[in-house]
Amino acid sequence: MDTNEMLLEFDSRSENESFARAVVASFVAQLDPTLEEISDIKTAVSEAVTNAIIHGYEELKGKVIVVCRIFEHEVYVEVHDQGKGIKDIKQAMEPLFTTKPEEERSGMGFSFMEAFMDDLEVESEEGKGTVVKMKKKIH
């Protein structure tokens, strides 16, 4: 099987999070994943997109880009924003760390992404944005 890829771009509005999750799930369906695998991917995408909207752009509006690639039985998902970036990635990835405790954020977004996907990588530059890269093998 050769690579199949899709690109999705949408406004950084919280109501678009479920849209992104559904699109990625529909794209991945061609691999015939289990319900658990599709649920894991949807949760990870949801967390990454929510982080881009809530933390990357805060009150500003921008674009969130989701790239999804399938190669053989692996799914690669990237979520890009051009928001404010992450000052300290290591700290941001610690369980329960949040920059918005007043909004009752759990600080578990990256922990969920790590738990539900096989691989997680975060690249960020202050003032330029963040890219969250995730991978999951479909069995």
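Student: Is Asn 51 buried or exposed, and what is its relative accessible area?
Tutor: In this predicted model, local features need pLDDT of at least 70 and side-chain atom pairs count only at pLDDT 80 or more, while totals for chains, interfaces and linings use all residues. Residues are numbered from 1 along each chain as its sequence is written, and side-chain values use heavy atoms, with hydrogens and water left out. Buried means under 20% relative accessible area, exposed over 50%, and partly exposed in between (1.4 Å probe, protein chains only). Asn 51 is therefore buried, its relative accessible area being 18%.

Student: Which residues does Asn 51 touch, not counting residues up to four places away in sequence?
Tutor: Asn 51 belongs to helix α2, residues 35–56; helices (H or I, at least four residues) and strands (E, at least two) are DSSP runs numbered from the N terminus. Contact means heavy atoms within 4.5 Å. With residues up to four places away in sequence left out, Asn 51 touches Gly 56, Phe 110 and Met 113.

Student: Are α2 and α4 roughly parallel or roughly antiparallel to each other?
Tutor: The axes of α2 and helix α4 (residues 109–116) come within 9 Å and cross at roughly 155°. Axes are lines fitted to C-alpha atoms, for helices over the stretch in contact, and angles run from 0 to 180 degrees between N-to-C directions. Angles under 35 degrees count as roughly parallel, over 145 as roughly antiparallel, 65 to 115 as roughly perpendicular and the rest as oblique. The two helices, α2 and α4, are therefore roughly antiparallel.

Student: Against which elements do the buried residues of α4 pack?
Tutor: Gly 109, Phe 110, Ser 111 and Met 113 are buried in α4. On the α2 side, residues including Asp 40, Thr 43 and Asn 51 meet α4 residues, among them Gly 109, Phe 110 and Met 113. The packing partners of the buried α4 residues are α2, α3 (89–92), β4 and β5.

Student: Which strands stand at the edges of the sheet?
Tutor: Two strands pair if DSSP finds at least two bridges between them. Five strands form an open sheet with antiparallel pairing, in the order β1-β2-β3-β5-β4. Each edge strand has a single partner strand, so one side of each is left without a neighbour in the sheet; these strands are β1 (4–11) and β4.

Student: How many bridges join β4 to β5?
Tutor: β4 and β5 form a hairpin with three residues between them, and Gly 127 in the turn has a positive phi of about 80°. Leu 120 has Met 134 as its bridge partner in β5. Strand β4 (residues 119–125) runs antiparallel to strand β5 (residues 129–137), and the number of bridges joining them is seven.

Student: What is the bridge partner of Glu 78 in β5?
Tutor: Glu 78 is found in strand β3 and is buried, with a relative accessible area of 15%. Strand β3 (residues 74–81) pairs with β5 in the antiparallel sense over eight bridges. In β5, the bridge partner of Glu 78 is Lys 133.

Student: What is the angle between the planes of Phe 10 and Phe 19?
Tutor: Rings of Phe, Tyr and Trp (its six-membered ring) pair if their centres lie within 6.5 Å; planes under 30 degrees apart count as stacked, over 60 as edge-to-face and the rest as tilted. A search of the whole structure finds two aromatic pairs. One of them is the edge-to-face pair of Phe 10 and Phe 19, with 6.4 Å centre to centre and an angle between the planes of 85°.
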